[in-house]
Amino acid sequence: MAKGGLNTGLDSLFQNNTSDVQIKKTLRVSEIEPNRDQPRKNFSNEAIAALADSIREHGILQPIVVRPISSGGYQIVAGERRWRAARMLGLDEIPVNIRELSDEETMQIAIIENLQRENLNPIEEATGYNELIEKFGMTQDKVAKMVGRSRSAVANAVRLLTLPERVVKMLENGELSEGHGRALLGFKNEDLLIATALTAANDGLTVRQVERAAQRSAEEKDDSSKGSDKRIDNYFVEMELSLKESLGRKVKVDYGKNKGVLILEFYDKEDLAALADKLAKEE
């Protein structure tokens with residue numbers, strides 16, 4: 001992700017806020033509170049500890065941004081990780097930039113700051129873009145310019161949010177890559193989409209393999225016998241999953257129009273003999 005574009009987006013938001021007042025000073029850590037509407041809800045304790053080690057050695061190189069609140073004290077606009085690390089270290093004061101910002105400006109800045117993280121998963125990134133679009137009426141083109149990406153990259157990222165919830169969770173957990181997610185969007189049948197996603201995660205299908213499966217599914221849907229082909233497709237997927245469960249090993253069913261191949265995993269001679277014996281008994 002291009003950092004220059006993200007920083008430009010933050011600078012633009014800061015420069016266009018309703019007040020140009022910016023006060024640089026230090027505040028007591030106890031005077032500062034996090035924003036409960038912060039879009040980022042999960043903070044890694046390990047990452048905060050690593051940041052605390054860096055602050056212990058080098059200090060806080062970039063002040064956090066805060067705004068005054070009516071109840072007294074200050075609310076974090078950008079830099080909650082640094083504030084958490086400072087608390088972990090037991091620091092009394094930290095450097096801040098104080099700005100007068102509206103609720104909307106504060107939320108926009110928080111979203112943009114989150115999009116600066118290097119380790120965003122595809123769904124976190126897509127959600128950040130979508131919040132800018134849905135909450136603040138931005139176009140995909142405007143979001144793209146703000147975060148330093150192409151409009152098509154933003155559009156493709158947001159489309160991942162339309163995938164079934166089960167698949168979205170797999171993208172969040174790192175079981176599938178962003179490329180897998182984009183390829184899965186090519187499926188029209190949700191059951192087949194989910195089954196292919198599970199196979200990709202469990203058996204390490206490449207993005208290209210998922211793309212081919214989606215393309216084959218689309219071609220079969222357009223065929224005059226699409227109803228029959230669809231049932232055959234589902235049969236092969238279900239049979240693969242059933243064999244995996246009953247045989248307790250990886251199973252691959254690769255099929256075409258007139259023939260197919262069944263691939264069974266085994267580990268050594270003894271395992272192969274046991275598998276053969278089990279298959280013979282099944283007959």
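Trainee: How many residues does helix α4 have, and how far does it reach from its first C-alpha to its last?

Mentor: Keep in mind that this is a predicted model. A helix can be checked by comparing its reach with the span expected at 1.5 Å a residue. Helix α4, residues 103–115, has 13 residues and reaches 19 Å, close to the 18 Å expected.

Trainee: Is α4 enclosed by the rest of the structure or exposed, and why?

Mentor: Count its buried residues, meaning those under 20% relative accessible area. In α4, 11 of the 13 are buried, so the helix is largely enclosed by the rest of the structure. Among them are Met107, Ile109, Ile111 and Leu115, along with Glu105 and Gln108.

Trainee: Which residues have the most contacts inside the largest nonpolar core?

Mentor: Here is the general idea: in soluble globular proteins, nonpolar side chains tend to be buried together. In this model the largest such core has 24 residues, and Leu163, Val167, Leu176, Leu184, Phe187 and Val210 have the most contacts inside it. Helices α8, α9, α10 and α11 each give two or more residues to this core, and α10 gives the most, with seven.

Trainee: What does Val210 touch?

Mentor: Leaving aside residues up to four places away in sequence, Val210 touches His180, Ala183, Leu184, Phe187, Thr196, Ala200 and Leu205.

Trainee: Now the strands. In which sense do β3 and β5 pair, parallel or antiparallel?

Mentor: Strand β3, residues 64–68, pairs with β5 in the parallel sense over three bridges. For an example, find Ile64: its bridge partner in β5 is Val96. Strand β5, residues 93–99, is mostly covered, with five of its seven residues buried.

Note on methods: Residues are numbered from 1 along each chain as its sequence is written. This is a predicted model: local features need pLDDT of at least 70, side-chain atom pairs count only at pLDDT 80 or more; totals for chains, interfaces and linings use all residues. Side-chain values use heavy atoms; hydrogens and water are left out. Helices (H or I, at least four residues) and strands (E, at least two) are DSSP runs, numbered from the N terminus. The expected span of a helix is 1.5 Å times one less than its number of residues. Buried means under 20% relative accessible area, exposed over 50%, partly exposed in between (1.4 Å probe, protein chains only). A nonpolar core is a set of buried Ala, Val, Leu, Ile, Met, Phe, Trp, Tyr and Cys residues joined through side-chain atoms within 4.5 Å. Contact means heavy atoms within 4.5 Å. Two strands pair if DSSP finds at least two bridges between them.
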